[in-house]
Structure formats: structure tokens, C-alpha cells
Amino acid sequence: IGLEKVGQIGAVEIHPDNHNIVFVAAIGNAFAPNQERGVFRTKDGGASWEKVLYISDTTGAADLEFMPSNPDIIYATVWRAERKPWTIISGGKENGIYKSIDGGDTWTRLTRGLPTAIVGKIDLAVSPANTSLVYALIEAPDGKNGLYQSLDQGESWQHMSNESNLNLRPFYYTNIEADPQNPDVVYNMTTPYMKSVDAGK
């Protein structure tokens, strides 16, 4: 498998201890169903690639994050994204956050405390200051959108805020970043640039 046909890329992560290991979150061709969606991994510096997380031909991967203290722990978000001449489809029931604890060989979907209906685009940030802390910015309906926080490496989540400005035009802007020194400081990049100093409250 090569990466010349994957279309839009959501994220790239290079293993911090082995530069030959690289992960790519591929959104794929947003205009048609295709197999080039999901999470791809190379172990030989890009000479060959394997698809390690695949949901469907309409659902790609939007984001990837290593756990800073243990790069065998990887978080990925999957996203059904389709552009039609008359509309944008962003979301599906299979969307969500997936976690691997074995370097990407196997994946488990995280659900406890997260929206369970149709979910759209999700972006993640793992705090370098507290690697058990994970933030997720989630596009979701019915007041379930906004910022979520996990204090136990993604096993359970708390909804911190559904501030509407966090998810303006989520198909284009869904970006959350954790401060590298203070676990309570988090930045959101959308049409307005926003900062929280109380873990998103």
C-alpha cells in the first residue's frame, strides 16, 4: 500500500524513539467512497505501509496522538467525511476515539462518557504535563459538542464545555492543543483563538 492515493491527510505522527515508524491518519478522498481511509503505519521509513485501523469506505481518520511517556499507546479519531455538491456530511455512528496499547497492532473504541449517537470530527490533545490527561474536541448534536477531558488515559470522559465557539465550522476548524507545562491550560483554534486556564471549564 502506498500513500499516493489517500487524498486528504488528517495527521502525521513520527515515533519519538524510532524515526522509521510513522503513522498517518488518512481522511481519504472526501468526494467519494474509497478504501484509502483510516490509519496507516510504516516501520521502514515509508518504503512500505500497512493499514492498521479501518472502519469503512466513507470513514477516515482525522487525528492521531502518541502518549508522550509511552509511544506504544496511541489515540486516533475516526470521522465520516463526505463532500457532495449540495451538502457536507460530517459524522456517523461509527465515529469516535480509538486507542491502541500495542503500537497500533490492535485498537479499542473508547465510549465511557462520550457521545453515543452520531458524532462528527474529533481532535485530540494529550497533555505532556500529565500524560494520563487527554482532551477531545468533539463535533456532536444536542448540546453534546465541545470539549471533553479524560484523567485516566481515555478510559472515561467528562464533558467540560459546550461553548458554541469551540466548534465553529468543524469540517475545517477542529483543533485543540494542551499546554506542555500546565495541564489545566488548553488552547482551541477555530475562527476565534481561545484559551482556557481551568481545564476547559
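These are my notebook entries on a predicted model.

**Ground rules**

I number residues from 1 along each chain as its sequence is written. In this predicted model local features need pLDDT of at least 70, side-chain atom pairs count only at pLDDT 80 or more, and totals for chains, interfaces and linings use all residues, while side-chain values use heavy atoms, with hydrogens and water left out.

**Entry 1: the whole chain**

I began with secondary structure. The protein has zero helices and 16 strands. I took helices (H or I, at least four residues) and strands (E, at least two) as DSSP runs, numbered from the N terminus.

Next I checked overall dimensions. The radius of gyration is 16 Å, close to the 17 Å that the globule rule gives for 201 residues, so the protein is as compact as a globular protein of that length. That radius is taken over C-alpha atoms, and the rule is 2.2 Å times the number of residues to the power 0.38. The C-alpha trace spans about 45 × 45 × 30 Å along its principal axes.

The accessible surface comes to about 9,400 Å², and 48% of it belongs to carbon and sulfur atoms. Areas come from the Shrake-Rupley method with a 1.4 Å probe; for residues, only the protein chains shown count as cover. Buried residues make up 50% of the 201 residues. I call a residue buried under 20% relative accessible area, exposed over 50%, and partly exposed in between (1.4 Å probe, protein chains only).

I also looked at contacts (heavy atoms within 4.5 Å). Of those with a separation of 6 or more, 45% are between residues 24 or more positions apart.

**Entry 2: the sheet S1 to S4**

I traced an open sheet of four strands in the order S1-S2-S3-S4, with antiparallel pairing. Two strands pair if DSSP finds at least two bridges between them. Strands of a sheet pair through backbone hydrogen bonds, either parallel or antiparallel. The edge strands are S1 (8-14) and S4 (50-53), each pairing on one side only. The twist averages 30° from one strand to the next. For such angles, axes are lines fitted to C-alpha atoms (for helices over the stretch in contact), and angles run from 0 to 180 degrees between N-to-C directions.

I followed S2 on both sides. S1 and S2 run antiparallel and are joined by six bridges. Ala11 has Ala25 in S2 as its bridge partner. S2 (22-28) pairs with S3 (38-42) over five bridges, again antiparallel. Phe23 has Arg41 as its partner in S3, and Val22 stands opposite Thr42 there.

How many of the seven residues of S2 are buried? I found seven of seven. Val22, Val24, Ala26 and Gly28 cover one side, and Phe23, Ala25 and Ile27 the other; all are buried.

**Entry 3: the sheet S10 to S13**

I traced another open sheet of four strands, ordered S10-S11-S12-S13 and antiparallel. S10 and S13 (158-161) stand at the edges with a single partner strand each, so one side of each is left without a neighbour in the sheet. The twist here averages 25° from one strand to the next. S12 (146-150) and S13 are joined by three bridges and run antiparallel. Tyr148 stands opposite His159 in S13.

**Entry 4: the nonpolar cores**

I counted as a nonpolar core a set of buried Ala, Val, Leu, Ile, Met, Phe, Trp, Tyr and Cys residues joined through side-chain atoms within 4.5 Å. The largest has 16 residues; Tyr75, Ile97, Leu114, Ile122, Ala136, Ile138 and Trp157 touch the most other members. S6 (70-83), S10 (122-126) and S11 (134-138) each supply at least two residues of this core. Apart from it lies another core of 15 residues, among them Leu53, Ala61, Tyr98 and Trp107.

Ile97 got a closer look. Beyond four places away in sequence, the residues that Ile97 touches include Thr77, Leu110, Leu114, Ile122, Leu124 and Trp157.

Leu124 sits in S10. Leu124 is buried, with a relative accessible area of 0%. Beyond four places away in sequence, its contacts include Asp63, Glu65, Tyr75, Ile97 and Ile176.

Where does Gly91 lie? I found Gly91 in the loop between S7 (88-90) and S8 (96-100). Gly91 is buried, with a relative accessible area of 8%. Not counting residues up to four places away, Gly91 touches Trp79, Arg80, Ile118, Val119 and Gly120. Gly91 and Pro141 are 50 residues apart in sequence and 10.0 Å apart, C-alpha to C-alpha.
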